[in-house]
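This briefing concerns the protein displayed below. Please keep the sequence and the model in view while reading the points that follow.

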Amino acid sequence: MKNVIFSLLLMLVGSFAFAQSPIGIWKTMDDETGKAKSHVQIFEQNGLLYGKVVKILDPAKQNAVCKDCSGERKNQRILGMQILSGLKKNGSKWDGGKIIDPNKGKEYSSSLELDGNDTLKVRGYMGISLLGRTQTWHRVK
């Protein structure tokens, strides 16, 4: 009986820790139209957060490529592309990483901050954080 109670408590604590984390799948929103664009899976690797596009919601853009990207991302399909990289926990947010806008081929510094369990504020900026924009992503359940 003690083992069952201990296991239940361990699962409860584990699920609480996961809920307070940006790890999971998030629906991205278009800044201009307000429409949902894609699903991005955020995952942890070696203590840092990364994110890749796992679903494109517009059927007409399923095979879109990043024609304006440079380097290895040039003409890479957006579906499956890693667009977030190297974010490190810093207090209540994750920062120090990079984000790519595959529609423009531009890379920006980035930070993430949870706003509740199911809303994520994703900021991309050049130089200092004041010079950028923030998108709101929603957790996919």
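In the hairpin of β1 and β2, 6 residues lie between the strands, and Gly 34 there takes a positive phi near 80°. The model is a predicted one, in which local features need pLDDT of at least 70 and side-chain atom pairs count only at pLDDT 80 or more, while totals for chains, interfaces and linings use all residues. Residues are numbered from 1 along each chain as its sequence is written, and side-chain values use heavy atoms, with hydrogens and water left out.

**Strand β1 and its two partners**

- Strands β1 and β2 run antiparallel and are joined by 6 bridges; two strands pair if DSSP finds at least two bridges between them.
- Strand β1 (residues 24-29) also runs antiparallel to β8, to which 2 bridges join it.
- Lys 27 stands opposite His 39 in β2, and in β8 the bridge partner of Lys 27 is His 138.
- Trp 26 stands opposite Arg 139 in β8.

**Overall architecture**

- The protein has 1 helix and 8 strands; helices (H or I, at least four residues) and strands (E, at least two) are DSSP runs, numbered from the N terminus.
- Along the sequence these elements follow the pattern α-β-β-β-β-β-β-β-β.
- The 8 strands form a closed barrel in the order β1-β2-β3-β4-β5-β6-β7-β8, with antiparallel pairing.
- Neighbouring strands of this sheet are turned by 30° against each other on average, direction ignored; axes are lines fitted to C-alpha atoms, for helices over the stretch in contact, and angles run from 0 to 180 degrees between N-to-C directions.
- Of the 141 residues of the protein, 31% count as buried; buried means under 20% relative accessible area, exposed over 50%, and partly exposed in between (1.4 Å probe, protein chains only).
- Among contacts with a separation of 6 or more, 37% are between residues 24 or more positions apart; contact means heavy atoms within 4.5 Å.

**Nonpolar core**

- The largest nonpolar core has 21 residues, of which Ile 42, Leu 84, Leu 112, Leu 120 and Trp 137 touch the most other members.
- At least two residues of this core come from each of β2 (36-45), β3 (48-56), β4 (82-90), β5 (93-101), β6 (106-114) and β7 (119-125).
- A nonpolar core is a set of buried Ala, Val, Leu, Ile, Met, Phe, Trp, Tyr and Cys residues joined through side-chain atoms within 4.5 Å.
- In soluble globular proteins, nonpolar side chains tend to be buried together.
- Not counting residues up to four places away in sequence, Leu 120 touches Pro 22, Trp 26, Ile 42, Leu 112, Glu 113, Leu 114, Gln 135, Thr 136 and Trp 137.

**Charged residues in the strands**

- Arg 139 lies in strand β8 (residues 132-139) and counts as buried because its relative accessibility is 16%.
- A polar atom of the side chain of Arg 139 lies 2.7 Å from the backbone oxygen of Ser 21; a polar contact is a pair of N or O atoms within 3.5 Å, where within protein one must be able to donate a hydrogen and the other to accept it, and residues adjacent in sequence count only if both atoms are side-chain atoms.
- Asp 101 lies in strand β5 and is buried, with a relative accessible area of 12%.
- A polar atom of the side chain of Asp 101 lies 3.0 Å from the backbone nitrogen of Asn 103.
- Leaving aside residues up to four places away in sequence, Asp 101 touches Lys 106, Tyr 108 and Arg 133.
- Lys 98 is also placed in strand β5 but is partly exposed, with a relative accessible area of 35%.
- Beyond its neighbours within four places in sequence, Lys 98 is in contact with Ile 83, Leu 84, Ser 85, Glu 107, Tyr 108, Ser 109 and Ser 110.
- The C-alpha atoms of Lys 98 and Ser 111 are separated by 8.0 Å, the two residues being 13 residues apart along the chain.

**Disulfide**

- A search of the whole structure finds 1 disulfide, for which the criterion is a pair of cysteine sulfur atoms within 2.5 Å.
- The disulfide is formed by Cys 66 and Cys 69, with their sulfur atoms 1.8 Å apart.
- The torsion about the S-S bond of Cys 66 and Cys 69 is about 70°, and the disulfide is therefore right-handed.
- Cys 66 is buried, with a relative accessible area of 0%, and Cys 69 is buried, with a relative accessible area of 5%.
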